[in-house]
Amino acid sequence: MSSTSSKPLPLDASSAATYFQTSRLLFRACKDTPADSALIHRSEADTSDHLFASGGIQKPENVKRTDEFRKWLMNDTIIGIIICLLPDPSTPDDEPIPVGTASIDAIHGPIHRGGMIGISILKEHRGKGYGEETIRWLTSWGFKAYGLHRIERNYFSWDEGAGKLYRKIGSREEGRLRERYWFNGVWGDEFVMAVRAEEWDVVENKRRDPYGESIIWKKQVQRLVEHQGDVIIDGPSFAYYIHKLCLTTKSNARNALEALPTYPELGEAAVTWLNQIESFGLHIKHIYFDGYLPPSKTSTRHDRLHKNLQQLCAFRSNNANIAWGGSTATLRKKIGTTEMKHVPARLTAIPAAPFLVPVVMEALRKSRFSSVTTTVACEAEVACVNDREPKDIILTSDSDLIVLTPVGRVMFFNDLSFGTIEALDDTLEGVYYSRLDLASKLNCGDLLKLAFYMTRDPHLGIKECAKQASQLGFPSENVAQKYAQFKETYATAVQYSAFACVTEVKNPYPALQSTLEILDGRVSEFVQQWLSGLNTAEFSISGATSHYVSSQATRTMFLSFLIDDPTRASAWRVGSDIRCLAYSILALYGPSWKMIEYDRRGERMTGVEVALMEQPQSLESTCNVLTKDISYVISQDDDTASVNEATSHDKWKLYLLTSMLRSAVAATTAIPDSESILHFLTAPSASYSWPHIHLSAQVEGHLYSHRILQQVLAVYLCGDIPPHPQVDVQVLQKLYNALKALPAPQTIFTRAGGGFKLESDDSTMRLNTILDEIYGKNDSSALTKQHEEPGNEGFERQKSKKRKKGRADGSAVSATDRTGNQSNGASTTHNMFALLGDDW
């Protein structure tokens, strides 16, 4: 199913029969008959009409001019029609009554795909809405059937009523020709109005769907609770809607990468939008985010990742020598006007920012909406349905919620609009859908069956689908089997994690539960899988059941899709050791299981098994080394009150970058030269290349790998999980303390792919020192050779040779592996962070 949309081209017999008509009007071709000639003559001779519709000198109409206009309407327009009033339903055999003419005339030549609408309604039929009805139909026909790009309709200053009508149906004022016409003894202006195809889609989506109910809220000083319910928000849908709103402010961007909203913009827009919603008297009851997706969603998620990869590969191919100076567009103060809903197609050529959902969640948790923002052990939409009351409104972008919500109202983000032309921002308008009302209007009791038929044939009209769904049985056994499979996907979609089901009635783990509710969705899903595979008796909690609640032998992590260079190894490869540590900490408990990460491998998405640490001693050693590495940069002895926030962030930036470089060396991944690193950290607003974008993605992935580890440690140390007898809990506690101050992605990165900037001159000086230490003052040229542009035939071959030789050419980066052992190659210090000095 889908939300409201423009009327598609008719592809079934029932809708084709009514295509050239609206609810009241019929549109037919102009004919070479006395009747049509008489109609046109009446229309053209009506001076009251032409005084407003034309800026020309008015003269009495004659038969010759009428005949010329009729021939033009028939032969020289894109479409020329006679507007007819449909007969009364009680007398269906009556002939339609002609009430006027209308046309779309080609302008500026066919290559430019532009049209100009003309319309004339007979005097006795004006003021009844026939003109608006006709213009809407003609505009839709011009865009959907004929493929026009823009449609114009001008008006004159002495006809302001026409201007209001054109604005109402989506046209925008593009210009004003001052004192162009002499009218009735004074000079008058001509206004240029037009609407483009993309804008018309937005206009049509705003129109009230016949199967929904319109609702309008007015601004209020305080909430009126007597007659309206609360609002429950589908968090992931909300995040992507905010992303779309922010994209509409980037119309001047040169490409989709430059148009990506910054992380601070996304967070600010989310909070601003919710504040506006509540200013109309609505109350946000809950904002739910996915914390667990059932295994039945695996193929859907894999397909989505593959689609993202296809998008990125196409963008990389079309922008091999991308020049990016940073978008100058800034976030508009007003969020939610109709303008915010139009996104140029070129700006959606790449996937959304990789950490969009966590960034929006983080912003909400730092706002007054913190108490209503929750990660749940199921899909967000399921939590929305289970939480609703009959008068509540669920805000989403997923039309499945209409099927899943037996009682209550569902509203789509795209159906919400702020304000009117006359009073901007004074009203909030929307359309909601009720499962019961929809079933009644369609005379279809089984909406799931209706959704099945709509999915089978998207081109079939909804009425025809409802007709099929209302019939008993199925056309064939094959269709019946496919419906059973379709129905099963909806049944599995409402699953909670097995652990959540066990603890649903009573909550024996309050500390654990409160920790789970603030995890990022991907981390929550992994933890829920782990908890569902545990023997709950191991927790030694009174009343816990003594059985494995899930026998699933595989745990999965769908890594966020990074915007990196698809011609190179995935940016997630660096940081794999950090994520492995996170997975291994939880693998100490319960039966053995395999860990699968879904990520890009070349130009395909696939799952790869992670080799977990099996020995507790190795895990302890790795934790100690990582704690020491972080502490060299973020000293635990610092007086936090005296540490400037910018300085603290600079420390983390330096740590992440140098740690990433070490991880890249360990993974035999080519690293950039020192000049590129310096440019990355000191000039984030300069023009970027694909190597720069890839480096940014590597650091982003490395940061989020640490965030995964941080949140896993929070679960382990929450107090409800007994320490593993073979692991010193103090070792894990020290590592968690070191990671507690890890900044969120939006704090470090302004935007995806954009790098970051050091805030202080002292930090830049220390960066130079670090780079000299990592690369070697006299031997950075050897490393520079590794940083070859993708597409160079020697690029992969050189990397392959280095793997086979174990980097024995003497140009290896000095590094320490995660167990504290020195890596192969020249060494200048035991730990690359020691040079930062005690004053850090």
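Trainee: Let's start with a charged pair: which residue forms a salt bridge with lysine 297, and how far apart are the closest N and O atoms?

Mentor: Glutamate 379 is the partner, with the closest N and O atoms 3.8 Å apart. The cut-off for calling a salt bridge is 4 Å between the side-chain nitrogen and a carboxyl oxygen, so the pair qualifies. Keep in mind that this is a predicted model.

Trainee: Where do lysine 297 and glutamate 379 lie?

Mentor: Lysine 297 sits in the loop between β11 (284-290) and α11 (298-318). Glutamate 379 is in the loop between β12 (373-376) and α13 (380-387). The pair therefore ties together parts that are 82 residues apart in sequence.

Trainee: And how many salt bridges does a search of the whole structure find?

Mentor: That search turns up 28.

Trainee: Okay, on to helix packing. At what angle do α2 and α4 pack?

Mentor: For a helix pair, look at the angle, then the axes, then the residues that touch. Helix α2 (residues 34-45) and helix α4 (residues 63-75) pack at about 110 degrees, and their axes are 9 Å apart. Angles of 65 to 115 degrees count as roughly perpendicular, so that is how α2 and α4 are described. Their crossing is right-handed.

Trainee: Which residues of α2 and α4 meet there?

Mentor: From α2 you have Ser37, Ile40, His41 and Glu44, and they meet Val63, Thr66, Phe69, Arg70 and Leu73 of α4. Sorted by type, the residues of this contact are four nonpolar, three polar and two charged.

Trainee: Let me try another pair. How do the axes of α21 and α26 cross?

Mentor: Helix α21 (residues 521-532) and helix α26 (residues 690-716) cross at roughly 40 degrees, and their axes come within 10 Å. That makes α21 and α26 oblique to each other. As for handedness, α21 passes α26 in a right-handed crossing.

Trainee: Which residues make that contact?

Mentor: On the α21 side, look at Val523, Phe526, Val527 and Trp530; on the α26 side, at Tyr704, Ile708, Gln711, Val712 and Val715. This contact of α21 with α26 has eight nonpolar residues, one polar and no charged.

Trainee: Last one: what pLDDT does the protein chain average?

Mentor: The chain averages 77, and 75% of the residues score at least 70. Over residues 222-227 the pLDDT is below 50, and that stretch has eight contacts in the model beyond near neighbours in sequence. Residues 636-642 also have pLDDT below 50, with seven such contacts beyond near neighbours in sequence.

How values were computed. Residues numbered from 1 in each chain as written. Predicted model: local features only at pLDDT ≥ 70, side-chain atom pairs only at ≥ 80, totals over all residues. Heavy atoms only, no water. pLDDT = per-residue confidence, 0-100. Contact = heavy atoms within 4.5 Å. Axes fitted to C-alpha atoms, helices over the stretch in contact; angles between N-to-C directions. Helix = DSSP H or I, 4+ residues; strand = E, 2+ residues; numbered from the N terminus. Parallel < 35°, antiparallel > 145°, perpendicular 65-115°, else oblique. Left-handed = near helix turned anticlockwise from the far one by under 90°. Nonpolar A, V, L, I, M, F, W, Y, C, P; charged D, E, K, R; others polar.
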